[in-house]
Amino acid sequence: MRWLGIILITLMILAGGCYKQQDSRIHVREEVRSDSLESNIVTRPVVHAFSDIIGEGIEINDAVLTRNKGGFLELHVSGFNKSYRTKRFRYRVEWLDENGLVVGTKTSVWLPMSAMGKSPFSFKVVAPRTEAVNFRMDTRKWE
Amino acid sequence: MKRTIVYFITAVSLLAAGCAQETTNIDVMHDEGKAVMALDYRDFDRAASKLVQSLLASGALKKEGGGRYVVATGRIVNDTMQRIDTDQLMVKIETELLNSGQAVMTSAVGSGADKMIHETRELRDSEEFDPNTVAKRRTLIAPELSISGKIFQRNIRYDRNKQQVEYYFQLKLSDVKSGLRFWQEEEIVGKRGSNKSVAW
């Protein structure tokens, strides 16, 4: 019985020692890349279940505002899905003018977004009016 | 006998009342209703929003030397199995283009034409109207750009019980004088559901 445990641990360590991320710009997904300690055939179900239990989800890392050549404000949002599952959600961006008032537009609607498990994601939203100087964004579950 | 009939009618009334479906207003701002196989207003909102954002981000409406482009709405083909008024898409897009400050839509020609513009010009020879109040010749402004497009649908059998319906919203912006296309975009709305659902 003890041997079985030793073999299992050895296998996990061997399986986990292979993957090393080379370039942060390139994301090689689980089950495509070589297995790692936290992700191999033995540990994967446990780690995934633990991720579900602690409720890992979407994290927004950056929101950058730029003005495009047409003079419209562009919001570039980037984030990371910490969960192992694909997270589908909706987002809505409202644009604010220099007085902090909402600029009424027909493009401020709930838009769908999807981020695969343990993957970075990004999206861009363009203000349809040049008077927009700021924004506020809301998210909700994809029903 | 009479009492029995009264009881019967009361019972039927109560049962019928229990079955009635309540009518509710849709919260169009935050609608959490289930998706439907056919195109609904949320799909048009989404397609219009994405298409407008793409057009404004492209810079195709930025006129060299300033000013606004005169844009006509060309033909928007509905090639779906549904009876769609393409204005459901185009009015949102036209509104945003107008509000963007970079384009003026024309009602003189195109699918958004206003018949009254031409009808009032026929009043030039009428003695009933003050000629100074009737539009003069050569006062209409010709469009510089034309926006046209197509909405089409593909139905695919997904498996024994499910079907997949794909809706394609395609728009293009062309220069009327040169015929050159400045911008084009496609937005896809896909739905997967029961074979029993009808997507038209």
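## Before you look

What you have here is a predicted model, where local features need pLDDT of at least 70, side-chain atom pairs count only at pLDDT 80 or more, and totals for chains, interfaces and linings use all residues. Residues are numbered from 1 along each chain as its sequence is written, chains are lettered from A and ligands numbered from 1 in the order in which they are written, and side-chain values use heavy atoms, with hydrogens and water left out.

Helices (H or I, at least four residues) and strands (E, at least two) are DSSP runs, numbered from the N terminus. Strands pair if DSSP finds at least two bridges between them. Contact means heavy atoms within 4.5 Å, and angles (0 to 180 degrees) are taken between N-to-C directions of lines fitted to C-alpha atoms, for helices over the stretch in contact.

## The sheet in chain B

Chain B has an open sheet of 5 strands in the order 2-1-3-4-5, with mixed pairing. Strand 2 (103-105) and strand 5 (181-194) of chain B each have a single partner strand, so one side of each has no neighbour in the sheet. On average, neighbouring strands here are turned by 25° against each other, direction ignored.

Helix 2 (residues 41-58) of chain B packs on this sheet and touches strand 3, strand 4 and strand 5 of chain B. Helix 3 (residues 87-100) of chain B lies across strand 1, strand 2, strand 3 and strand 4 of chain B, at about 135° to strand 2 of chain B.

## The sheet in chain A

In chain A, 3 strands make an open, antiparallel sheet in the order 1-2-6. Its edges are strand 1 (58-67) and strand 6 (119-126) of chain A. Strand 2 (residues 73-81) of chain A pairs with strand 6 of chain A over 8 bridges, and A:Asn81 sits opposite A:Ser119.

## Where the chains meet

The contact takes 23 residues from chain B and 22 residues from chain A. About 1,900 Å² is buried between chain B and chain A; that is accessible area (1.4 Å probe) lost on putting the two parts together, summed over both. B:Gln53, B:Leu56 and B:Glu96 supply 27% of the area that chain B buries against chain A, more than any other three residues.

Helix 2 and helix 3 of chain B are the elements giving two or more residues to the side of chain B that touches chain A. The largest share of that side, 10 residues, comes from helix 2 of chain B.
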